[in-house]
Amino acid sequence: MMDTSSLGKSYDEFYTAYMQLNESLDGIVNEYYGGFNDSILTFSGLQDRIQDASSSVNSVKSGLQRVRRMIMEERGGLDQLYAKSNQLGAIVAILQRLEEVQRVREEIAGFVKDKQFLTATGKLVEDMKFVFDSELNPIEALSGLRQQLEKEKSELQQKIVDELQSHIYLKSPYCERRLGTEGEDEARGRQRIRRARKARTSEEAEGNVEADSFAYVEMLIESLRTLDATNAGLQEVKSTMALELSRLIDGVVAETEERNRALLSRAHDAGQAADSEVLLDFSRILFARLETVLEYHEYVLDIANHLDRSERYSLTSPISPATPMSPNRRAYTLADVWEAIKAEVLALMRAYLIAEDTTTGSGDVVAGGARDLFRMERGEGEAVEALYAPIAARFQDLAASAPDRRRELTAPAVLDEYSSVQSSLQHKLLASPDIAHAPELLSMALAFTRRIAPMLAAATPAVLSPAVRRSVGGDLAADGETDEYLQQFFTKTFLPHVQAQAARLFNELASASDAFETNPNTQFSGRPVFRSAAALVPLLQNFGTLLNSLDMFRGENWGILLQLASQYYEMSLSLFRDTLRSPEGQTYLSVRWAESLDMMQLFDKRMRLGVRDSDTQREIRQEEAMKADRSLNAYELVFDVKRLATIAQLHQTLEWLLTQLENVAAERAQALRNHEGAAAAALLKRHEADRVRVVGRFQSLSVQCLMVLRIEVRLHCMHYLDLAMREGTYHLDRDADEPEPYIHALNADISSIEEKMELCLSPEKLNLVFAGISVLMAHILIANTRHIRHFNRAGNRKMLRNILALQQNLTNIALPEEGGLDNARKFYELYDLGADGILKHIAEHGPEFSFEDYRRMIGFVCSGSGQAAALSPGRANSLMEASQSDQYESLVRQLRDLLS
């Protein structure tokens, strides 16, 4: 390559040398790259260490210089160093104490494991007092520790409350569990309470501190007092009272089921006797346990009051001042416990006396709707898992908690700590619900109430509510008041549930999609009634028979039947209102007219006395006054024939119901007559008043339905005939081949209405709806001539054709012949007689129409041009000129003389 000749080396040799050199360099780099990299890292590390060493040397040097200066300082400087040393020592001590506080969780866990709650609370309060000291408050670094101690306090308080409830509700194996058998020492619990007060062992003593349950409960209350959480703990006891009682009952159910397993297996074969025996054993054990629970609560409240008055238990948390709990501010009282127990007892009686399940077509008893999820019992784990399988498949985190969910389902509840009485929860039933269990349950409940009466009576009068004092009965009341206690249960528990059962059955029939469809199998006067009514009547009859046959008869049970009848009335009234309400939400005109007192009186008279001419004319005059000489708008009328048919079917159904209600009321009255005395007579009198009231409401709605139908038909006639007179053409060049189109529309409308009504109403009611419409048509055709502006002979013949078409239609629909339209035909036939002929006809036959009617007809005849308006004042047309002619005036004077 260094050749200086003009040719130089060849390019191929140069490229070969270049590639060999490049490969050699690549090999060197690939072989020694790792070493180069390690060398760089090693160099960097050595450099960092040298820098750290240099910094350390500088720090030691500055420290030695500082020590040198300190040694060379005067005595005053040493004093400052000594004070600072003491301060640092105090800080170190505080830090050591804080380290000990940080280990409080493990220490408390050990105390709790050994059931030494009083020691645990003392330790926790001491540590909290240190951490929450005012001198340490500015130290923000301790906020986390303070939060930890607060959390420990909350957890410890919860554990104490859990232990307390474990003994109160007999979940601990060291609690006594009475069986309620005869000969059992019922005073043993109170003796143990007195012994526990005298010889309570401390939590440091050897042995099991739970062995003496009442002493252990007292220690737990003291622990809560140490935490200054007595009120909060008792408040939580109150808030979970209903849930704990429910779990107690579940435990008694399981125990009774185990005790009577062989008997339960033969329950289906043995029948009612086996169910009664199992239920009696369950009731005996349950009421004995509830009595024990009440004694525990009494003891807890007694201990809490004693600690409030004692200075010995004054150790409180520094977080809040110690404020002894006054009786008025106490979290709960014995009356609250009794209310919760009473709620459970009454719920159990409801569960065993009232069958709330529905029966399927195959006869199997199943729970209704969403209640399935709330009736999970022991031994039904597979069913629960099956219910939760779809959820667990979608949400894997629920699968792990399935056992807990299964336990929760046995006692589901939403607790409201502000509610005075908690709702009872569902429990597994050991016997099928039957009112035959009432004697056993009621007698056991009454005996239990008498046993606890002294305990409740010893409560402070201000705490014991009047309701509790009344409910204890037995020892606090005379013997005659025992029946009153049973009557209270009968009227306030048994009957309301029977009423709820009736309401449920009623809701089923009322909410059915075909509730207001006709049932061809149930007819009245040859016409079908609504399916809901056909289902309601057997319901009324069955409940009437049941309630009239009860031994604890007092008369209040009639209210159930009254309520069923009232509910169906409201249901019918809603149907009536909804049917007769326009899409815009306005009530149709016929409904408003039917509410008129005058119209009601006329319709009532027509129903009682039949059709009378004077009443027909009075009705027409009343309708004209309400119409107020205006045209009716289409939106004011019901043109949907289905709506009118619904009202007709409602009337027919109500009429049938009235007959059935009278039968049920008669059976009720007969049952009342079987009882003697003033009370039975008063009940009979009240029953008669109730019967009149209920029957009157149904009768009123039934009449209103029929009245609306009648008015609606008449309004249709007014509407179409008014349009025919106002908008029709009666000044024609030749005779018309057809009647006025509005006449055709009226005929079609009347025919369709009659066709529907005939399927729904009896012939008598159908005649009542359509009676008098021919007279009304005739009146409108005559009176509304004042709206005709142009009239001639061809128009008169068209009017006669209109009348004939109306007559033929009324004849075709088989309505009673009234001859009303003959009067209209005679009126328009006067036109062909001429003015003199009209006067002559009046002279020979007497007046048949009013002066105004004759005057308008003479005006039609005298109008040579055919402009025959009604000669109303102020109307300027050719007819007005004719009316002012001498001939017209002369004819009117002659007419007046004839009619006067």
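What share of the 900 residues of the protein chain counts as buried?

**View 1. The whole chain of the predicted model.** Of the 900 residues, 44% count as buried, and the chain as a whole contains 35 helices and 4 strands. The protein chain exposes about 47,100 Å², and carbon and sulfur atoms supply 52% of that area. If one looks at the contacts with a separation of 6 or more, residues 24 or more positions apart account for 77% of them.

View 2. As background, nonpolar side chains in soluble globular proteins tend to be buried together.

**View 3. The surroundings of Phe 282.** When residues up to four places away in sequence are not counted, Phe 282 touches Ile 249, Val 252, Val 253 and Thr 256, and also Leu 348, Tyr 352 and Leu 430.

**View 4. The hairpin formed by β3 and β4.** Strand β3 (residues 518–524) and strand β4 (residues 527–530) run antiparallel and are joined by 4 bridges, with Gln 523 standing opposite Pro 528 in β4. Between the two strands lie 2 residues, and Ser 525 in the turn has a positive phi of about 60 degrees.

Notes: Residues are numbered from 1 along each chain as its sequence is written. This is a predicted model: local features need pLDDT of at least 70, side-chain atom pairs count only at pLDDT 80 or more; totals for chains, interfaces and linings use all residues. Side-chain values use heavy atoms; hydrogens and water are left out. Buried means under 20% relative accessible area, exposed over 50%, partly exposed in between (1.4 Å probe, protein chains only). Contact means heavy atoms within 4.5 Å. Accessible areas come from the Shrake-Rupley method with a 1.4 Å probe; for residues, only the protein chains shown count as cover. Two strands pair if DSSP finds at least two bridges between them.
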